[in-house]
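Hi everyone, thanks for coming.

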Amino acid sequence: MPNTVNPLELIARRWQPSARFVRRAGLATVVMAVIIVVTGGAVRLTQSGLGCSTWPKCTPDSLTPTAAMGINGYIEFGNRMLTYVLCAVVGLFIIAARARHPRRRALTRLGWAQFWVVMGNAVWGGIVVLTGLNPYLVAAHFLLSTALLTVAVLSWQRAAEGDEQPRDLVARPVRQLAWLLVAATGALTVIGTVVTGTGPHAGDAKKVHRIPLDWQEITQLHVDFVYIVVGLSVALWFTLRAVKAPAAPRRRVLELFACIALQGVVGYVQYFMGLPELVIGFHMLGSALVWICVLRVALALRDRGPLPEEDPAAAAADEAPDAQLAPAASR
């Protein structure tokens, strides 16, 4: 009985992507994760959250939207279809990571982690629709998208570094300060979902339950955490300069400053203009970019060595089964 060969193994025997290709595939997953955040926000801001009245179908009688549903049905269904594009991009990263020599299991595990987060969030989105846009479930839906973005950033980072044990580039208190910044930014994101759950943009023109908290008080708490994040970023910048940290971490803190500054401007504009939908969309984009920058700051404080070089012996070993199969196929 012939041995069953994993399809990914067959691809790895015939295709050897470059390290640059794998990194670009990792970056593509980050870009798609950001797009999903923004388009998910567009669904809510255009009141299309219930554009498809059920799940997994769009209506009880149709898999796709009908003309009678109007533009809202097409917007909601279009966002659902983006999940397939996201799966294709994540799948490309998994295949490229698996096919790369020498094999790096950490990369493929991160790729599969992305896949299962996407699948879980797709099901969660269906539950959100079936429960009529419950604000707590909507908040969790956004946080799952943020979790996907987190794993995508980790995948992108790992694709650009080696597999050695992490070597700290700064002292432990400095690293702790950086991870405190990550925690504060995470709390800021969570509070932002509560602001959304109490605010006027419920996601549908119909009566939708909101989180029973004072919107202005929650917004003020959100602003307070913005100041905390800014303060921690400034403290980390001066600390990195004081300890003469490498240039890369300091450069990434400057990138974070730029994102926070733009996000702050957008936040104040949306508040004083009465929460216009377009500006809120840019605020959601800024939230994703700030999170990416914060993660990159923390990850820049350790080093895993250079990328592993191509292993000719491993490549030859992988090609050996093909050489054995060729004579058998000719008989």
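Let's start with the second largest cavity: its lining has five nonpolar residues, three polar ones and no charged ones. This is a predicted model, where local features need pLDDT of at least 70 and side-chain atom pairs count only at pLDDT 80 or more, while totals for chains, interfaces and linings use all residues. Residues are numbered from 1 along each chain as its sequence is written, and side-chain values use heavy atoms, with hydrogens and water left out.

A quick word on terms. On a 1 Å grid over the protein atoms alone, a cavity is a set of points where a 1.4 Å probe fits but cannot get out, and a pocket is an open set with protein on both sides within 12 Å along at least five of seven lines; lining residues have an atom within 4 Å of a point. Ala, Val, Leu, Ile, Met, Phe, Trp, Tyr, Cys and Pro count as nonpolar, Asp, Glu, Lys and Arg as charged, and the others, Gly among them, as polar. A volume is the space filled by probe spheres set on the points, which are joined across faces, edges and corners.

Back to that second largest cavity, then: about 40 Å³ of space, with V37, F142, T146, L149, T189, S287, A288 and W291 around it.

The largest cavity comes to about 70 Å³. Among its lining residues are A19, V22, R100 and R104, and by class the lining splits into seven nonpolar, no polar and two charged.

And the second largest pocket? It holds about 180 Å³, and six charged residues join two nonpolar and two polar ones in its lining, including R252, R296 and D303.
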